[in-house]
Amino acid sequence: MGKLFVIPTPIGNLEDFTLRSIRILKEVKFLLCEDTKVSGKIKKHLDLDVKMISLHKFNEKSRVEEVLTLLKENDVALVSDAGTPTISDPGQLLIEELKGKVNIIPLPGPNAITTSLSASGLKFDSFSFIGFFDKEEAKIIKKIKKHQNSDVIVAYESPNRINKTLSYIYNNFGDVTIVVAREITKIYEEIVKDNVSNLFNKEFRGEIVLIIETKDIKKEDPLRKHIESLREEGMTDKSIINYLTKNTSFKKNDIYNFLKNN
Ligand code: SAM
């Protein structure tokens, strides 16, 4: 039985292929690509002798059996247009289906999230990656609140929407610290760390990763404020639950979950 290699490709700079990924790409006979036109450039650049097979969100499910048949006698590599496959890119469904049936080998390599975080200038032990930001304000806010217990929240964002997203963040959470990492590894690479109010109406072009520091959001969370002041008074978790359910409109479940996680 062959192996399925999951191979990250550069997010802008072709020098960012690892030696191992180049070797494996040269060894495999079949390359599953998000877009054969995009990966065709890599095929040419590395002078690969592979047959490209498209694998994108619209045909991923129907490709599973075909890929399994190929894997019976061949090694196969999976790539996406840029960065690590499966990270807001095709491949999750295929790997879910093949897990346990074939050997799946992930290679480390380029990824916009970790590359941006590494030079963000933020201090963090934990981060939440939330994929692309939603378009609607209510959904953006809900998602940020859901992940605000991580030290930082990381999202992919488009240059057309970033200003709206920043204004929603400012309106709902105040002047929190944001990092905009754009065009990473490319000529116009820029990593800006500033308060959100200083980032409004700046023009950010190209591909963008947006990072939110959550420590100031937490201060603005009313449930957190209540619980912190009750804890300062020396109340136990049990009495905090009793007090808040009797005297405020916070849901018992939310209070319980907050106490459990903080
Ligand atoms: N799988 C990829 C990865 O590992 O990073 C991400 C794919 S996702 C469809 C594409 C998004 O990633 C872009 O819209 C942008 O938000 C972010 N991105 C990709 N390359 C980037 C770069 N060079 N600089 C900043 N953000 C980038």
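Threonine 185 sits in the loop between β8 (177–182) and β9 (190–195); helices (H or I, at least four residues) and strands (E, at least two) are DSSP runs, numbered from the N terminus. Although threonine 185 is not a glycine, its phi is positive, at about 70 degrees. The structure is a predicted model, in which local features need pLDDT of at least 70, side-chain atom pairs count only at pLDDT 80 or more, and totals for chains, interfaces and linings use all residues. Residues are numbered from 1 along each chain as its sequence is written, and side-chain values use heavy atoms, with hydrogens and water left out.

Asparagine 201, in the loop between β9 and β10, also has a positive phi, of about 60 degrees, without being a glycine. Asparagine 201 counts as exposed because its relative accessibility is 69%; buried means under 20% relative accessible area, exposed over 50%, and partly exposed in between (1.4 Å probe, protein chains only).

**The chain as a whole**

The protein chain contains 11 helices and 10 strands. Its C-alpha atoms fill a box of roughly 70 × 45 × 30 Å, taken along the principal axes. Of its 262 residues, 46% are buried. Where contacts (heavy atoms within 4.5 Å) join residues at least 6 apart in sequence, 68% of them link residues at least 24 apart.

The chain exposes about 14,600 Å², of which carbon and sulfur atoms supply 49%; accessible areas come from the Shrake-Rupley method with a 1.4 Å probe, and for residues only the protein chains shown count as cover. There are 41 positive and 38 negative side chains, and the centres of the two sets lie 3 Å apart. In this count Lys and Arg are positive and Asp and Glu negative, while His and the chain ends are not counted. Each charge is placed at NZ of Lys, CZ of Arg, CG of Asp or CD of Glu.

**The ligand site**

Around the ligand there are 19 residues, of which Thr84, Asp89, Asn111, Ala112 and Ile208 come nearest; a residue is near a molecule or strand if one of its heavy atoms lies within 4 Å of it. The table gives polar contacts, that is, pairs of N or O atoms within 3.5 Å; within protein, one must be able to donate a hydrogen and the other to accept it, and residues adjacent in sequence count only if both atoms are side-chain atoms.

| Residue | Protein atom | Ligand atom | Distance |
|---|---|---|---|
| Threonine 84 | backbone N or O | oxygen | 2.8 Å |
| Glutamate 207 | side-chain N or O | nitrogen | 3.4 Å |
| Isoleucine 208 | polar backbone atom | oxygen | 2.7 Å |

On its own the ligand has 570 Å² of accessible area, and the protein covers 90% of it. The elements giving two or more residues to the shell around the ligand are β7 (152–157) and β10 (208–213).

Aspartate 81 lies in the loop between β4 (76–79) and α4 (92–98). Aspartate 81 counts as partly exposed because its relative accessibility is 28%. Leaving aside residues up to four places away in sequence, aspartate 81 touches Thr9, Glu34, Asp35 and Val38. Its side chain reaches the backbone nitrogen of aspartate 35 at 3.4 Å. Aspartate 81 and proline 10, 71 residues apart in sequence, are 8.8 Å apart from C-alpha to C-alpha.

Lysine 37 belongs to helix α2 (residues 36–46). Lysine 37 is exposed, with a relative accessible area of 70%. Its C-alpha atom is separated by 15 Å from that of proline 10, 27 residues away along the chain.
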